[in-house]
Amino acid sequence: MFWLIVGLLLGAAIFWLATSGKVKLTWYEWVLGVLGIILILFAIQNYSASQVELESKAAGLLLLIFGLPGLIFAVLAGVLAFLRGKKAAAA
Amino acid sequence: MPENLTRREFIKDLGKLGAAAAVAPLVAGGETMDSKPFSLGRPNWIKEIDEPLTEVDWPNVSRYNERHTTRRGFNLYVEQDRIDQLGELSNKLLEDNLKNDVPGYTLKDRALQRAARGGGASRTFMIDMEKAQGPDTWGVPKWTGTPEEASQLVTAAMRHMGAATVGFVELETDTTEKLIYSVDPDGKELRIEDVEMPEETEDYRVIPKKARYCIVYTVQMSEETLSRAPTVLGSLTTSLTYTRSQNIQERTQYFLHGLGYLGLAESSTNALGISPALGVMAGLGELSRYNRLLTPEYGPMVRVFKVLTDLPLAPTKPIDAGLYKYCHKCKKCADACPGKAISFDDEPSWETRGGWNNPGHRAWFEDSVLCRFYQRTYTGTNCGLCFSACPFATKNLASFNRVRNYMAATMPAFDKTFKTMDDLLYTNFPLEFGKSQKDCEEWWTLNLPDYGIDTVQTVRETS
């Protein structure tokens with residue numbers, strides 16, 4: 001159920017981004033954003049499952065190994081889009 | 001990507017990964033697994049193959065005398081005086097550890113191990129025919145169906161009675177029949193004869209030639225418990241699995257008789273035939289570096305058992321899940337073995353290490369004497385460190401491990417990388433050599449599930 005809700009929310013967010021026209025992303029911002037989200041989801045799944053497995057060390061490390069790059073990619077995509085939007089508005 | 005994996009199948013597998021869980025229904029929605037003849041119903045990246053990856057030179061394989069293993073025949077390899085000394089050492093260690101409240105050896109651990117060893121039905125080669133009921137009792141003809149239907153039936157019944165995975169080997173005189181022991185652990189000769197009914201005397205047991213079908217099944221051990229190896233606490237999951245299998249064995253014998261067929265099984269622990277070899281031939285797993293069965297579902301966390309029947313069953317094929325190849329590069333069990341009993345060789349060998357190994361196949365043969373020396377001198381009980389150190393001894397809830405399983409089967413070039421990751425994630429450093437990987441006292445507070453195992457794991461793997 002958790003993953004269904006996550007999927008629905010993400011689907012709605014991506015649909016809004018792609019169709020609303022309020023935010024226009026370049027192809028590399030899409031790649032970075034999607035990759036970031038995938039890595040974050042992977043990290044969350046591994047963290048929670050490893051805790052259930054009673055492997056707290058593995059949980060923390062998997063969260064760090066996949067979550068951190070995911071977060072960097074996602075934030076980078078957002079920052080790039082924001083800066084480009086700001087530049088366009090200023091021009 | 002292997003040649004027989006289509007793009008569609010590849011995408012389907014990707015859809016199964018936890019990381020893609022949110023989008024998986026969009027990718028794989030509406031697809032079903034290809035309809036195949038009876039098989040264990042595994043993911044399609046576990047390939048079924050005609051011959052096992054472990055090379056076997058069948059003309060040079062002979063039926064093995066179980067009393068030549070170090071389990072029963074330690075005195076064939078070590079002098080009796082030394083064995084007595086080892087026994088004294090082992091008992092003293094258990095006594096001292098109990099009195100000193102050493103974690104994993106305390107009174108509660110000893111009590112639970114004793115409990116795990118007790119109970120359960122007694123193992124018998126054949127069940128009491130007076131107690132058995134079947135078509136004759138109920139006045140109906142015996143069950144008939146295709147071998148595929150029979151395999152499905154037996155699998156469903158056995159899984160319901162506690163087996164984890166079930167496979168089938170058809171015994172051929174020149175090949176797989178040689179995996180049936182020549183002598184059982186109690187010293188009784190196992191004869192295979194062209195007779196109608198089985199027989200048991202003081203000196204021998206007769207298996208009718210028509211009982212050509214060997215049901216091989218695994219029973220799960222608890223990863224969480226065995227990660228407390230090498231202690232009394234760690235070893236109790238092994239004991240419990242053996243006693244659980246006694247019930248499964250007897251019930252399977254009753255079930256087969258109920259259908260109108262023979263059910264001939266292990267007269268004692270590890271009797272009847274060579275479990276890892278039959279497990280490999282039945283496709284339940286692959287032969288590992290520690291020379292035991294390594295399964296795709298549970299890694300090494302199983303024990304393997306056998307039942308012979310004349311009910312025609314569809315054999316299951318050996319598999320390639322990348323595990324045997326992984327063992328070439330991993331060596332983690334050999335590193336973890338305090339007794340230095342496991343081979344570090346890059347490649348398996350035809351040369352055995354002693355009479356406790358059955359020649360005729362290419363494997364990483366273990367030094368069973370060194371293994372037993374260590375156990376009796378330093379643990380006072382079973383060790384099990386090789387099992388608990390294995391990277392595949394994971395619970396597979398974390399999708400990282402399921403990615404690893406998929407990659408091991410399809411892209412062995414990444415095996416070393418995944419082994420390094422396993423060291424990082426699951427090995428506690430600095431590694432205390434020969435010590436339990438997890439806290440024994442903590443185990444008592446964990447509130448583990450039934451038998452300490454995850455019984456839906458196979459269902460998850462096959463869904």
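How far apart do the C-alpha centres of domain 1 of chain B and domain 2 of chain B lie? They lie 29 Å apart. This is a predicted model, in which local features need pLDDT of at least 70, side-chain atom pairs count only at pLDDT 80 or more, and totals for chains, interfaces and linings use all residues. Residues are numbered from 1 along each chain as its sequence is written, while chains are lettered from A and ligands numbered from 1 in the order in which they are written.

Begin by selecting residues 7-47 of chain B, which form domain 1, and then residues 58-462, which form domain 2; such bounds come from an automatic or database domain assignment.

Next, display the contact between the chains. Chain A gives 19 residues and chain B gives 15, two residues being in contact if their C-beta atoms, placed from the backbone, lie within 7 Å. On the side of chain A, select α1 (2-19), α2 (27-52) and α3 (56-90), the elements that give two or more residues. Helices (H or I, at least four residues) and strands (E, at least two) are DSSP runs, numbered from the N terminus. The largest share, eight residues, comes from α2(A).
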